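I opened this notebook to record what I looked up in the model, entry by entry. The sequence and coordinates come before the entries.

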Amino acid sequence: MMHKTVILVLVFICVVILIAWPLSYRADIGCSYRPHNRDTATMSGKDAFSMGFASGRVVLTRMQQVKRYTTPASLKWGPVEYRREETDGTLNVQRTQTISVSAWLLLIVIGVYPAIEFIRGPLRRRRRRRKGLCTSCSYDLTGNMSGVCPECGEETRRGENA
Ligand SMILES: [Zn+2]
């Protein structure tokens with residue numbers, strides 16, 4: 001059951017990426033979190049985060065107020081990119097850190113497990129049915145007449161495994 005939920009969540013994320021991917025070339029899509037307890041005078045408080053899609057990339061941003069400058073950084077490793085930029089804030093330095101990943105890479109990483117299960121699932125169920133096991137949890141159903149697996153409650157075809 002837990003297993004099915006994980007696959008459903010992964011498939012849902014893949015669908016979201018597939019919808020947002022082409023749209024992100026037209027306009028940036030995203031949501032952001034800004035803490036409420038931010039002190040506007042000193043701009044101190046918790047960090048602000050945002051997550052979204054921009055030009056075919058999934059972008060995670062963290063904005064924070066820091067005391068002093070550090071060297072800006074930009075690292076690119078294939079479809080993965082990291083940036084650290086700093087600009088002058090009211091009193092502090094506004095540091096923006098960004099990690100972005102190409103949408104296609106994320107789609108492959110998230111979609112590979114559901115794709116494998118999509119192929120393996122029916123094969124496994126067929127193998128279990130042939131052996132007289134529950135198709136869901138592989139409990140031995142030899143002699144079971146109730147039509148319901150006593151281990152997981154999965155419906156089994158009555159008489160088939162008897
Ligand atoms: Zn079962």
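**Entry 1: conventions.** I worked on a predicted model, in which local features need pLDDT of at least 70, side-chain atom pairs count only at pLDDT 80 or more, and totals for chains, interfaces and linings use all residues. Residues are numbered from 1 along each chain as its sequence is written.

**Entry 2: overall make-up.** I took helices (H or I, at least four residues) and strands (E, at least two) as DSSP runs, numbered from the N terminus. The chain has 2 helices and 6 strands, and their order from the N terminus is α-β-β-β-β-β-β-α. I called a residue buried if 20 or more other C-beta atoms lie within 10 Å of its own, exposed if 12 or fewer, and partly exposed in between, with C-beta atoms placed from the backbone. By that count, 9% of the 162 residues are buried. Contacts join residues whose C-beta atoms, placed from the backbone, lie within 7 Å. Among contacts with a separation of 6 or more, 39% are between residues 24 or more positions apart.

**Entry 3: the sheet.** In what order do the strands of the open sheet lie? I read β1-β2-β3-β6-β5-β4, with antiparallel pairing; two strands pair if DSSP finds at least two bridges between them. β1 and β4 (73-77) are the edge strands, each pairing on one side only. Neighbouring strands are turned by 15° against each other on average, direction ignored; axes are lines fitted to C-alpha atoms, for helices over the stretch in contact, and angles run from 0 to 180 degrees between N-to-C directions.

**Entry 4: strand by strand.** I found 5 bridges between β1 (residues 29-33) and β2 (residues 48-54), and 7 between β2 and β3 (residues 57-66). G52 in β2 stands opposite G30, and the bridge partner of G52 in β3 is V59. β3 is joined to β6 (residues 93-102) by 10 bridges, with Q65 partnered by Q94 in β6. β4 and β5 (residues 80-88) share 5 bridges; there W77 has V80 as its bridge partner. β4 and β5 form a hairpin with 2 residues between them, and G78 in the turn has a positive phi of about 60°. Of the 5 residues of β4, the number buried is 0, so β4 lies largely in the open.

**Entry 5: helix α2.** I checked the length of α2 (residues 103-131): its 29 residues should span 42 Å at 1.5 Å a residue, and the end C-alpha atoms are 42 Å apart, which agrees. The expected span is 1.5 Å times one less than the number of residues. A kink of about 45° lies at G111, shortly before P114; the bend is the angle between axes fitted to the seven residues ending at a residue and the seven starting there. G132, with a positive phi near 80°, follows α2.

Entry 6: Most residues other than glycine have a negative phi. Which value does S55 have? Its phi is positive, about 45°, and S55 is found in the loop between β2 and β3. S55 counts as partly exposed because it has 13 C-beta neighbours inside 10 Å. S138, in the segment after α2, has a positive phi near 60°. S138 is also partly exposed, with 16 other C-beta atoms within 10 Å.

Note on methods. Two residues are in contact if their C-beta atoms, placed from the backbone, lie within 7 Å.
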